[in-house]
Amino acid sequence: MHSHTPAQQMKDLIPMIEPHRRARTRRWWVGGLLKGAVGLIFIFLALFPLAWMIIAGFKAKTEVLETPFQFFPEVWHWENYVRILSDSAFLRTLGWTLSGAVLFTALSLTVNSMAAYAFARLEFPFKKTLWVTVITTMFIPGMTILLTSFIVVTKLHMLDTLAVLVIPGAASAASIFFIRQFYLNIPRSLEEAAELDGCGAGRIFMRLFLPLSKAPFVVMGITAFLSYWNSYVWPIMVMATPEKFVLQQYLATFRSERTSELGILMAGSAMAAAPVIIMFLVFQKQIIGNIKMAGLK
Amino acid sequence: MATTTASAQLAEAGPGPLAEDPARHRRYTNRYAGFAYLMLAPAVILLGIFVIWPAIYAVYLAFQDWSFYKAPTFVGLQNFTNVITDPLFINAIVRGLKFVLMTVPIMLVLAFLFSCLVVSVGKRFSTLLKISIYLPTIISTVITSIIFTIIYDYSGGLLNWAIGLFGLDSIPWLGDPKYALKAIAIPAIWLGMGLTSLIMVSAMIDIPEEFYEAASMEGANWWKKTLYITIPQMKNILLYLLVTDFVAALQQYELPLVMTNGGPLDSTMLPNLFIFSHFRGDPTAGYSIAAALLLFVVLGAISAGIFRVVNSEKSVD
């Protein structure tokens, strides 16, 4: 008998394990191949239209709708992207939409987080009534109030201004609810410690709650930004001057008015989608992680 | 006095501690009431002006004969009876239900398969799958419409080229009433899959692994495990998704608005698009608002009914 180290013992055991493992591995391998194939089909179906849009942006006018179909252009027409990015109307629309979206996001985060803090942490008369009222607004469908909202903004002389795009949708019961849920989970003891140091509610909100709000702000901020960036129906109702059209309006108009310039249209669409795609890829962890909560609210 | 107890001393000293004086206690807990109202004011005022007031106003206008050009007169239920007896509106509802049948079952089945796949593959691949499936969701309806309109193009579109490979004749997907609604269902599924799938994935991950281990010991195959463990465990989330997807699909109108504007021959005139076109085309608004309210009430009742059934079963379990 000679002594074995644990590592040697393991080595001796391997031949005994191997046959069994090999059989399992083969089955695993077939299943894995199948899963991989199905997965690739899902990925293909999800991404193909987007990839096609980006590639079509490099095609000549007539090539976008050419039979037989070719995924890649014969000659890469970089000038489509160059032309759309040097087109003053497109750049103005892009800047206008971007500044509106940033303003909208900032406003909605401010307004909703303030309300969320009051509902989560402060006591005041009629709290329950107000809370129920706010939550009820979540269930009012847009279509029901579309025309009456239009009447309201007309009476407030907001038509055709940045205000009509930014202000009406800024307060949102869903955002208040979401941020409030987050604030409810911040330990009371932190607050009590701050209070012992002489902080009032205002300073607790500014110094304690806001710095801790990064995670919900990222999710809510992206949601707000996306909803502004992608909105189409409200802008076509309230904006009349073509110079003040938002991006989606611009694209829809471009499609109906310059029907032959498909390469540029695709390049423009790709450029309009690029910021949100990049934003999503950067923050995908937070966004996807949050979906679980969205489903179970 | 040596016999005086501590509590008697306190009682002598004046009003008792906070808890014994309700008014003072309330004053203490509400000490930030003014600040709270200040914090609430922006959100509540905005919601009041742009959501609550328009909603009240909508209910009011639904009972009025009104237009931008004349003063409202009360007409009772006239608008509602006009809506219910309008064959165009009824047709739009039926079309909406057809659209639901074209989109929701496919979405739920695909999302279920997708979730099964995601929970059974490695971390990297599952992340890649989740990102891919969610990416279309963030793309705007307008861009989606542009992409798919060109794919559907009659003479040079990708789809007609593809079916041409199988020897089929080109089809005017968006120009033929027979195909237009189906053609719009596909981008609707493409856009809507992400959220449904990811909610399903997170529900599926939550099912305890032990259930499957026990089933494997008894020799259950994948199909049996799905039928007897996965689906029953996910019953609530599946019903939740069924309701939310149903409501969302029935309310879809941006896609047909941009892609076909309701045509050809009204074949893609979904309920909300019908109402929206009325808004823009008809100066008497009572009809459109009554239609929107009716649709909302019916949808709300259906969702509430389904949730009630779900919850009552849950309490029995």
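Visitor: Where is Lys59(A) found?
Guide: In this predicted model, Lys59(A) lies in the loop of chain A that runs between helix H1 (6–56) and helix H2 (78–86).

Visitor: Which backbone oxygen does the side chain of Lys59(A) reach, then?
Guide: The side chain of Lys59(A) reaches the backbone oxygen of Phe71(A), at 3.3 Å. Leaving aside residues up to four places away in sequence, Lys59(A) touches several others, including Phe69(A), Phe72(A), Pro73(A), His77(A) and Gly263(A).

Visitor: Switching to chain B, which residues form the nonpolar patch on the surface?
Guide: The patch is formed by Ile106(B), Val109(B), Leu110(B), Leu113(B), Trp222(B), Trp223(B), Leu227(B), Tyr228(B) and Ile231(B), which together have about 900 Å² of accessible area. Two elements of chain B, helix H5 (87–120) and helix H11 (222–233), each give two or more residues to the patch, and the largest share, five residues, comes from H11(B).

Visitor: Why is Ile106(B) called partly exposed?
Guide: Ile106(B), a residue of helix H5 of chain B, is called partly exposed because its relative accessible area is 40%, and that class lies between the limits of 20% and 50%.

Visitor: Back to chain A: how many residues of helix H12 are buried?
Guide: Eight of the 11 residues in helix H12 (residues 247–257) of chain A are buried, so this helix is mostly covered. Among the buried residues of H12(A) are Leu247(A), Tyr250(A), Phe254(A) and Arg255(A).

Note on methods. Residues are numbered from 1 along each chain as its sequence is written. Chains are lettered from A and ligands numbered from 1 in the order in which they are written. This is a predicted model: local features need pLDDT of at least 70, side-chain atom pairs count only at pLDDT 80 or more; totals for chains, interfaces and linings use all residues. Side-chain values use heavy atoms; hydrogens and water are left out. Helices (H or I, at least four residues) and strands (E, at least two) are DSSP runs, numbered from the N terminus. A polar contact is a pair of N or O atoms within 3.5 Å; within protein, one must be able to donate a hydrogen and the other to accept it, and residues adjacent in sequence count only if both atoms are side-chain atoms. Contact means heavy atoms within 4.5 Å. Patches are made of residues with over 30% relative accessible area and no salt bridge: like charges are joined within 9 Å, nonpolar side chains (Val, Leu, Ile, Met, Phe, Trp, Tyr) within 5 Å. Accessible areas come from the Shrake-Rupley method with a 1.4 Å probe; for residues, only the protein chains shown count as cover. A salt bridge is a side-chain nitrogen of Lys or Arg within 4 Å of a carboxyl oxygen of Asp or Glu. Buried means under 20% relative accessible area, exposed over 50%, partly exposed in between (1.4 Å probe, protein chains only).
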